[in-house]
Amino acid sequence: MAMALFLLYETAAGYALFEVHGIDEIGQNTEAVRNSVTDMNRFGKVVKLRSFNPFTSALEGLEQINAVSEGIMTDELRTVLETNLPKVKEGKKPKFTLGVLESKIGSHIHEATKIPVQSNDFVGELIRGIRQHFEKFVGDLKPGDFEKAQLGLGHSYSRAKVKFNVNRVDNMVIQAIFLLDTLDKDINSFAMRVREWYSWHFPELVKIVNDNYLYCKIAKFIEDKSKLAEDKIEALTDLVGDEDKAKEIVEAAKASMGQDLSPVDLINVHQFAQRVMDLSDYRRRLSDYLTAKMNDIAPNLQSLVGDSVGARLISHAGSLTNLAKCPSSTLQILGAEKALFRALKTRGNTPKYGLIFHSSFIGRASAKNKGRMARYLANKCSIASRIDCFSEKGTSAFGDKLREQVEERLDFYDKGVAPRKNIDVMKSAIESADNNEMQTEEVSAKKTKKRKQKATEDDMAVDKAEETTNGDVEHKSEKKKKKKEKRKLDQEVEVQEQVVDDGANGESGKKKKKKSKRKDTE
């Protein structure tokens with residue numbers, strides 16, 4: 001007797017279980033099955049739907065498919081298999097096998113239920129045929145329902161698989177560094193326009209004040225040079241930071257060769273200077289934002305080469321993940337692609353460095369050691385970017401140690417001082433990272449303790465207040481009770497005294513009556 005074959009097919013709509021009869025109809029080997037699965041008339045005679053168990057909701061479907069992708073058999077799948085397959089008796093060899101597409105989940109099913117499982121190319125071809133003709137097997141599905149279920153589950157599955165951390169989105173760094181570059185160009189060109197425009201009115205100011213931002217500030221403050229007098233030296237000193245320079249500006253304004261401007265022109269110059277100042281202030285804030293984001297996304301790369309160079313490397317590579325995938329030789333010449341291909345084409349010397357040239361380490365190295373320093377720095381940048389990309393703990397301990405190594409290498413090139421070994425440096429970096437983690441945990445634990453203590457103190461204070469209020473109330477009620485009791489006692493005593501008095505008065509009256517009667521008889 002041939003062994004029966006059942007097939008498990010996991011769909012977006014639910015679990016389907018098929019039974020295979022008469023394999024000879026479509027062939028015994030994989031090639032024969034592959035050629036015959038396209039014909040539904042032949043395939044439908046062999047493969048029959050045994051049961052279909054739909055998912056109750058989209059959330060349940062996502063949970064089930066997540067479990068299947070991880071090779072875990074859920075309780076729902078177990079009930080489906082145990083209710084629809086023949087029971088496996090202990091000590092006896094089962095007379096059926098279950099075909100599954102994923103061998104990982106097949107091994108878990110066999111371990112948990114002792115159901116014999118097979119996963120091979122033959123089963124794969126049969127399930128391919130089921131996938132092709134699935135809507136014909138399940139007649140209750142409306143046209144388009146299955147596609148909608150697949151699309152919805154696909155989207156939710158992808159969203160769940162991508163572990164999205166908002167604080168580590170490197171796209172924000174890429175946009176910020178692009179905007180910083182654009183702002184630098186725009187602020188520079190706008191400041192030059194302010195200088196040129198205001199120089200028609202006060203040409204001597206350009207030679208006195210070199211800084212663009214300060215020039216715009218002073219141009220906005222002065223406006224009309226003819227109104228600049230000695231009384232404004234103090235305010236100018238606050239702006240410039242130097243009293244001599246402020247006096248020089250006032251003296252230059254008195255003997256200026258510039259032409260007079262109309263009030264409307266001065267207003268436009270004033271407004272444009274204010275715009276340039278606002279752009280400069282925004283550029284400063286954006287730089288602070290970039291520093292904060294780099295500290296979240298790539299703290300080790302930031303501490304090794306700084307915010308600007310690290311952000312430019314991430315931006316040029318496309319993402320932090322792409323940068324981590326780059327070998328150090330590629331990272332070394334990132335940004336110098338044109339020079340590289342030109343050198344390869346002309347068979348000249350290839351470039352020694354690209355974007356990492358802007359790091360201070362390359363500038364500090366001597367001319368003959370710049371290439372060696374660039375290679376060493378690229379090596380350390382590659383390590384730092386991989387740690388930042390793939391480590392779950394955000395710490396700059398490794399970046400600090402790598403920076404120390406680069407400093408030691410500079411000393412080695414200049415003075416011949418032998419640097420430490422990599423393994424020793426990495427051990428100390430791991431120790432410092434663990435210590436930092438312990439300290440943060442202690443700080444958080446102390447904070448939680450303080451919160452708990454405050455909460456308990458507040459509860460105690462409330463309880464005391466309630467007790468004092470209750471005690472006062474009880475004390476007052478006791479006083480009232482005592483007063484009432486005193487009143488009652490006083491009233492009872494008065495009543496008794498009255499009764500006694502009344503009794504005494506009655507007896508004396510009787511005696512008087514008796515005496516009077518005796519007198520009458522006599």
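Residues are numbered from 1 along each chain as its sequence is written, and side-chain values use heavy atoms, with hydrogens and water left out. Because the model is predicted, local features need pLDDT of at least 70 and side-chain atom pairs count only at pLDDT 80 or more, whereas totals for chains, interfaces and linings use all residues.

The chain contains 23 helices and five strands, where helices (H or I, at least four residues) and strands (E, at least two) are DSSP runs numbered from the N terminus. Of its 522 residues, 35% are buried; buried denotes under 20% relative accessible area, exposed over 50%, and partly exposed the range in between (1.4 Å probe, protein chains only). The accessible surface amounts to about 33,200 Å², and carbon and sulfur atoms account for 52% of that area. Accessible areas come from the Shrake-Rupley method with a 1.4 Å probe, and for residues only the protein chains shown count as cover. Among contacts (heavy atoms within 4.5 Å) between residues at least 6 apart in sequence, 66% join residues at least 24 apart.

The whole structure holds 14 salt bridges, each defined as a side-chain nitrogen of Lys or Arg within 4 Å of a carboxyl oxygen of Asp or Glu. In general, side chains of opposite charge can pair when their charged atoms come close. One of the bridges joins E125 to R128, with the closest N and O atoms 2.9 Å apart. Both residues belong to helix α6 (residues 121-132), and because they are three residues apart, about one helical turn separates them. E125 is buried, at a relative accessible area of 11%, while R128 is partly exposed, at 29%.

A further salt bridge pairs K254 with E230, the closest N and O atoms lying 2.8 Å apart. This pair links distant parts of the chain, 24 residues apart: K254 is in helix α13 (residues 243-254), and E230 is in the loop between α11 (212-222) and α12 (233-240). With a relative accessibility of 51%, K254 is exposed; E230, at 43%, is partly exposed.

The side chains of E404 and R420 also form a salt bridge, with an N to O distance of 3.0 Å. E404 is located in helix α22 (residues 397-415) and R420 in the loop between α22 and α23, so the bridge ties together parts that are 16 residues apart in sequence. Both members are partly exposed, E404 at 34% relative accessibility and R420 at 36%. A network of salt bridges links K401, E404, E408 and R420.

A positive surface patch is made up of K446, K447, K450, R451 and K454. Patches consist of residues with over 30% relative accessible area and no salt bridge, like charges being joined within 9 Å and nonpolar side chains (Val, Leu, Ile, Met, Phe, Trp, Tyr) within 5 Å. Lys and Arg count as positive and Asp and Glu as negative, without His and the chain ends.

N53 lies in strand β3 (residues 47-54) and is partly exposed, at 27% relative accessibility. Leaving aside residues up to four places away in sequence, N53 touches G14, Y15, V80 and N84. The C-alpha atoms of N53 and E76 are separated by 9.4 Å, the two residues being 23 apart along the chain.

Technical notes
The place of a charge is taken as NZ of Lys, CZ of Arg, CG of Asp or CD of Glu.
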